[in-house]
Amino acid sequence: MKILITEFMDAPAVAQLAAKHEVVHDATLVDHPARMIALASSVDALIVRNRTQVRGELLAALTRCRVVGRLGVGLDNLDLAGCEARGIRVIPATGANAQSVAEYVVATAMLLLRGAYGSSAEVAAGKWPRAALTNGREIGGKTLGLVGYGSIGQLTGRLARLLGMRVIAHDAAMPAGADLPSLALDALLAQADVVSLHVPLLDSTRHLIDARRLIAMKPGAVLINTARGGVVDEAALAEALRDGHLAGAALDVFEAEPLPAGSPLAGCPNLLLTPHIAGVTAEANERVSALIAAKVLEALA
């Protein structure tokens, strides 16, 4: 059988697939849609990350495909109903990158609260901005509000507790057996020093964090989004940072990726931006790739 991989995948996992089937792996294919669509018509399995849009022409071309492996957990780049109608099984790498995302959230929260790590150029130039950097805050004793309490949210909460944080959560469908009750979202926002988002992008979550909810956040709080860009109204966030209501924010995901020129986020104070890598570390890539390779081989068998 034939497997097409359109984005980067760990080499040992690719080799595992190639030992059983014909594999076409080109991490640049996502940027060449015509070639990708041409190849798609002859494949029995497709493996993607978040940039490949499995819908429209690409989905229509998958006439032989039996399974789509997703090297990650978000599924908003896939037409799930269309896949189901064509009998294509979709397999996400559930849980395999949770540790990486949880560590990103906790580390970023510490950076934003402390605010002490942007002075290297000044210190190297002989300046001594000590007085300006003595008002940073400790993470211990602060409240972490998790919006979404699935596997990643729960692991983030466990790590945060080890640092002395109080953890609260909001989840419209709180998982069975969860160790926390679900607070109303506005109640969470009013209490949390750090708000971290862990919800999928649905019609109900698009711009969930809008201008009204940003104003409802505790003054001086920080916001971290490792979920999906559309969950946050980026223009409203930029305004909340510029007027000083929020002490900081970190975004790993955006409504348009890469971020387009002229974004309202450009030049915002106290804002950390990363290119959708919270769940991508060397270790997570190994786990995600190995899991998807095994599951795709199982599905093809």
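**From one aspartate to the whole chain**

Let us begin with D193, which is located in the loop between α8 (185-191) and β8. Please bear in mind that this is a predicted model.

Is D193 buried or exposed? Its relative accessible area is 9%, and the cut-off for a buried residue is under 20%, so D193 counts as buried.

Leaving aside residues up to four places away in sequence, D193 touches K142, T143, K218, A221 and V222.

The loop that holds D193 leads us to β8, and β8 belongs to an open sheet of six strands. The strand order is β7-β6-β8-β9-β10-β11, and the pairing is parallel. Which strands stand at the edges? They are β7 (166-170) and β11 (271-273); each has a single partner strand, so one side of each is left without a neighbour in the sheet. From one strand to the next, the twist averages 15°.

Strand β10, residues 248-251, runs parallel to β11, and three bridges join the two. Within that pairing, A249 has L271 of β11 as its bridge partner.

Helices pack on this sheet as well. Helix α5, residues 98-114, touches β8 (194-197), β9 (222-225), β10 and β11, and its direction makes about 150° with that of β9. Helix α10, residues 234-242, lies across β9, β10 and β11 and runs at about 150° to β10.

Finally, the chain as a whole. The protein chain has 11 helices and 11 strands. Its radius of gyration is 21 Å, close to the 19 Å that the globule rule gives for 301 residues, so the chain is as compact as a globular protein of that length. The C-alpha trace spans about 65 × 50 × 35 Å along its principal axes.

Of the 301 residues, 49% count as buried, and D193 is one of the buried residues. The protein chain exposes about 13800 Å², of which carbon and sulfur atoms supply 56%. As for contacts between residues at least 6 apart in sequence, 59% join residues at least 24 apart.

Thank you for your attention.

Terms used
Residues numbered from 1 in each chain as written. Predicted model: local features only at pLDDT ≥ 70, side-chain atom pairs only at ≥ 80, totals over all residues. Heavy atoms only, no water. Pairing = 2+ DSSP bridges. Helix = DSSP H or I, 4+ residues; strand = E, 2+ residues; numbered from the N terminus. Axes fitted to C-alpha atoms, helices over the stretch in contact; angles between N-to-C directions. Contact = heavy atoms within 4.5 Å. Rg over C-alpha atoms; globule rule 2.2 N^0.38 Å. Buried < 20%, exposed > 50% of the residue type's maximum accessible area, 1.4 Å probe, protein only. Areas by Shrake-Rupley, 256 points an atom, 1.4 Å probe, with all protein chains shown as cover.
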